[in-house]
Amino acid sequence: MPQDREIAIDVRDAVKRYGTFAALKRISLTIRDNEFFTLLGPSGCGKTTLLRMIAGFEDVTEGAIYLYGEALDTLPPYKRPVNTVFQNYALFPHMNVLENVGFGLEMLGKSKAEARARAGEALEMVQLSQFASRKPSQLSGGQQQRVALARALAPRPRVLLLDEPLSALDLKLRKSMQVELKHLQRETGITFIFVTHDQEEALTMSDRIAVMSEGELQQLGEAREIYERPRNVFVADFIGDTNLMEVTVDKVSGGRAQCHLGGGHSLTCDAVDGVEAGARVHMSLRPERLFLSAQPAEPGSLPGTVRETIYIGTDIATIVDLEDGPQFTVRSSNSTRGNARVFEPGQNVAVNMETGAARLLAD
Amino acid sequence: MAKPHDLRRYPGFLAITILCLVILYAPLMVVAVYSFNASASITIWEGFSLRWYADVFTGPESAKYRDAAWNSFIIAITAATSASIIATLAATAVLRSGKFRLRTVSIGLISLPLMVPEIVTAVATLIFFNALAFERGILTILLAHIAFCIPFAYMPISARMQGIEASYEQAAMDLYATKRMAFTRILMPLMMPGIVSGFILAFIISLDDFIITNFVKGAGVETLPTAIFGAVKQGIKPNIMAISTLLLLVSIVMVALSWLIGRKDQKT
Ligand SMILES: Nc1ncnc2c1ncn2[C@@H]1O[C@H](COP(=O)(O)OP(=O)(O)OP(=O)(O)O)[C@@H](O)[C@H]1O
Ligand SMILES: [Mg+2]
């Protein structure tokens, strides 16, 4: 991803307070032009609030937001080249699908004919041309969602805001819409800001992800970066499954830290800045980067007993009790090779880790 | 289907229901039936005839009733229209302008007149016009009707507006509609069923008002209710029943209209 791309949205020290409650606590981030950008975080962390501030429905208590270099300040929503796909779609119930989609164009002063033509194109883009004359109430949830998408895309905004647009759809439809959305973003070249609390959705769709919690930005980066190098406990825990445990650092040397966990098991991993011998820090171990082998344990692996195996479909998860130590979850793919590493409950095994599987976390 | 504890299975339920219906509708039925009486008596049935309807339209008093009906109609239409517009604007201000000081007070103030005894309103309105040295006539009736129709129009309009999510207007503004366009293109059409109900309610209330009208009308200006009252004071003639039945019919038509609009709205 080129770093010198134009900046679409620049949020600078934005604070949002409702009375004394701070919904956003001094957030700064930049969103690049033509980027599929995702705001990810648990319910109530302020995703919608930030989106509404960009759209102009919520004023910024402190700080500023810039859109392509221009301060948004008090610009009313109807003067911002930004469109929103609302969480509940908010399709106008008294207008048919085509009128809904053409509404923005009409308000921009396009002629009725042009509005209709371009609305028709937008409908074609989401494959709903045959429903042009239906009322929104005569459509399924997924179809309504696509109308909302076409309506927001038709005026060709510079930035499209999507507030959990897929949350009401079933899993299958959701997956296909994820692909379709990503495709539309590439095709139109419009900057997408996508809100979700589903980490898997965020990982599959986004160029970059901003992880938020309680009104604060926790980490910003590409999917791989966030998944593999989480900055703190919150991010490691929120994105994907992980074995999270407290460890004591015994020795730091040459960029490597030797640590031990409950039961006296010791292991070595990459050090992070500011960690010194004697510190108690959190460690994250992704279950899919661990694998089991029969005992006796090789040096560097951790001896334990299988408590339970869980069939997931694509994967098989094994829960292992370390001797006098914490519990580990280990995942292996449900394949011939992966299944060779699955053991029966009660068996003594050794937990091995790929290099770089263990990560110390700042906090 | 009647369930084990269905109200309909309690003893006496049917009798009480019938009694209530009789009390409610028997007087109306009597008036409606006797308006078709061939006799000049109001109690003795002598056969079916439309003679009293003919009398209303062509008889010696027909001019008086026609003028009164015309006044009533003009006042009801104008008052209902004005009241609906004012109530719509009031509802928009109260429900769509965010939180402002005295918002709760405003809501209360708009609906309070519904609970004030009408005679008090009538006296107050009369004193008000006198204080301003307003000459009583059709204009005073009209102003009074607009005023007391507002809370009636406000009820269905605000109820409807409360049911419309703010996200529709936000979506409109997001799609480049100014506040005004969002109001006329989105909010107004969605509110239309409420506005129509408010209008019809105000129309019926105005059409049938007697107490306030009687206080503020000038000499010689009559509406249908005051004309009927004036005539009844000299004894009830069957043509009064014919007029009453016609008025009843207008009310029924209006209520049916309102119901039909409401039903159509539920389907969309
Ligand atoms: N109008 C408001 N007045 C007071 N508090 C509000 C208001 N709107 C939102 N909040 C609070 O701000 C916080 C962030 O809300 P927001 O809607 O942005 O969350 P979210 O991240 O979108 O959550 P979700 O995933 O549930 O939609 C919440 O704690 C919420 O209670
Ligand atoms: Mg939200």
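Contact, as the word is used in these legends, means heavy atoms within 4.5 Å. The model is predicted, so local features need pLDDT of at least 70 and side-chain atom pairs count only at pLDDT 80 or more, while totals for chains, interfaces and linings use all residues. Residues are numbered from 1 along each chain as its sequence is written, chains are lettered from A and ligands numbered from 1 in the order in which they are written, and side-chain values use heavy atoms, with hydrogens and water left out.

**View 1. The interface of chain A and chain B.** Chain A brings 27 residues to the contact and chain B brings 19 residues. About 2000 Å² is buried between the two chains, and carbon and sulfur atoms give 66% of this area; buried area is the accessible area (1.4 Å probe) that two parts lose on being put together, summed over both. Of the area that chain A buries against chain B, 29% is supplied by A:Y78, A:H94 and A:M107, more than by any other three residues.

View 2. Chain A and chain B share 1 salt bridge, a term for a side-chain nitrogen of Lys or Arg within 4 Å of a carboxyl oxygen of Asp or Glu. A:E106 forms a salt bridge with B:R185, with 2.8 Å between the closest N and O atoms. Helix 1 (47-55), strand 6 (82-85) and helix 2 (97-107) of chain A each supply at least two residues of the side that touches chain B. Helix 2 of chain A gives the most to that side, with 4 residues. Helices (H or I, at least four residues) and strands (E, at least two) are DSSP runs, numbered from the N terminus.

**View 3. The two domains of chain A.** Chain A is divided into domain 1 (7-236) and domain 2 (241-361), with bounds from an automatic or database domain assignment. Their centres, taken over C-alpha atoms, are 39 Å apart. Domain 1 of chain A gives 9 residues to the contact, and domain 2 of chain A gives 8 residues.

**View 4. The area buried between the domains.** Domain 1 and domain 2 of chain A bury about 760 Å² between them, of which carbon and sulfur atoms give 53%. A:Y227, A:V233 and A:A236 supply 64% of the area that domain 1 buries against domain 2, more than any other three residues. Across this interface of the two domains of chain A, the rule finds 0 salt bridges.
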